[in-house]
Amino acid sequence: MYQECQILKMKILDQSNQEIILEIKQSLEEMKELRQTIDNLGTEHAKVTENLRELQSSHSTLKTSHNTLQAEHIEVRKSLKDPIPPNIKDQFQKQIADWEKKDKILLLEWNPDPFDNTPLSTSYVNNNTRISNSPSLVQPLLKHKPDINAQTYDGGSALYFSAWNGNIEITQILVENNADCNICAHSKQSPCKGTSNHITDYISKKSIEYAFDVEAGSSPLHISCFMGWIDVVNCLIDHHANINMTKEDGTTPLFNACELGHADIVRLLLHKGADLQIGRIDEKFPLDIATDNGHTSIVLILTEHMRKRKPCPL
């Protein structure tokens, strides 16, 4: 009986071992298949990654081509709007400008009295941009020996407007042809135009009456000192402009330079003999004006000049 039990036990164990071995073999087969599946997935992933790179490269190429085509499209549209190449257009514009200049000179030669029988009338010089900025267009007028000091209804002369605009070349032409540097505008004109931002800002903070008063009674030297045209100031002084000329209220050119803060012009005026002791009817002096407007550098210039000129005590 015992032996039979042992035999039965062995049979059961053998059967269990065989089943376990079979299950292990099945598991190994499944693992092999799984590994193959993983390898296949890795290969497919590599292919997908490569395809993605190719798509990205194609997209970049297409984007570049699109940008190029877009730029070409813009150029084509521009060329359709303006078929003349820029370099040719520039040549045309230069040629047209040259023709207009020659035509203007020719008209002046044949008809030197375009407005009010004064070839250098300031209404012509000041209101015509080409003339007020081109000495070559003033020269033909001078050939006819015009009244170089002719004044408009408000008293402005050609030299006055040239000084106003800061045109040193035309100023030199006029004074070399004996233009009077001391003719003043005798009535209130329109406020200063074409000024620098500094002067425009300063005037804008003042009253309308102030803007008109700046020019009323001003000489070319007054107005150039106000505007800050130092080359024009120097030219006028060298041609006998009255450096201490006063307006009705006592304003001298030095007052204007001190008020607007033109330190270089203040130095020039003092060097040329401007009088610091001339006061206005409101009992203000150039030093007061510089102080009131906060121009410290000019205050120092004036006080130093006064110190040097103060007589030494005996």
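Leaving aside neighbours within four places in sequence, which residues is S219 in contact with? The partners are Y160, C181, I183, C184 and M245, where contact means heavy atoms within 4.5 Å. This is a predicted model, in which local features need pLDDT of at least 70 and side-chain atom pairs count only at pLDDT 80 or more, while totals for chains, interfaces and linings use all residues. Residues are numbered from 1 along each chain as its sequence is written, and side-chain values use heavy atoms, with hydrogens and water left out.

S219 turns up in the loop between α9 (208–215) and α10 (220–227); helices here are DSSP runs of H or I with at least four residues, numbered from the N terminus. With a relative accessible area of 1%, S219 is buried, meaning under 20% with a 1.4 Å probe and protein chains only. Its side chain meets that of H222 in a polar contact of 2.8 Å (a pair of N or O atoms within 3.5 Å, one able to donate a hydrogen and the other to accept it).

Over in helix α6 (residues 158–165) sits S162, buried too at 4%. Not counting residues up to four places away in sequence, S162 touches N167, I170, T171 and L174.

As for aromatics, the whole structure holds four pairs, counted when ring centres of Phe, Tyr or Trp (its six-membered ring) lie within 6.5 Å. The Y160 and F161 rings have centres 5.6 Å apart and planes at 85 degrees, so this pair is edge-to-face, a label for planes over 60 degrees apart. Y160 is buried at 0% and F161 is buried at 5%; together with W164 they form one aromatic cluster.

Methods. Helix = DSSP H or I, 4+ residues; strand = E, 2+ residues; numbered from the N terminus. Buried < 20%, exposed > 50% of the residue type's maximum accessible area, 1.4 Å probe, protein only. Phe/Tyr/Trp six-rings, centres within 6.5 Å; stacked < 30°, edge-to-face > 60°.
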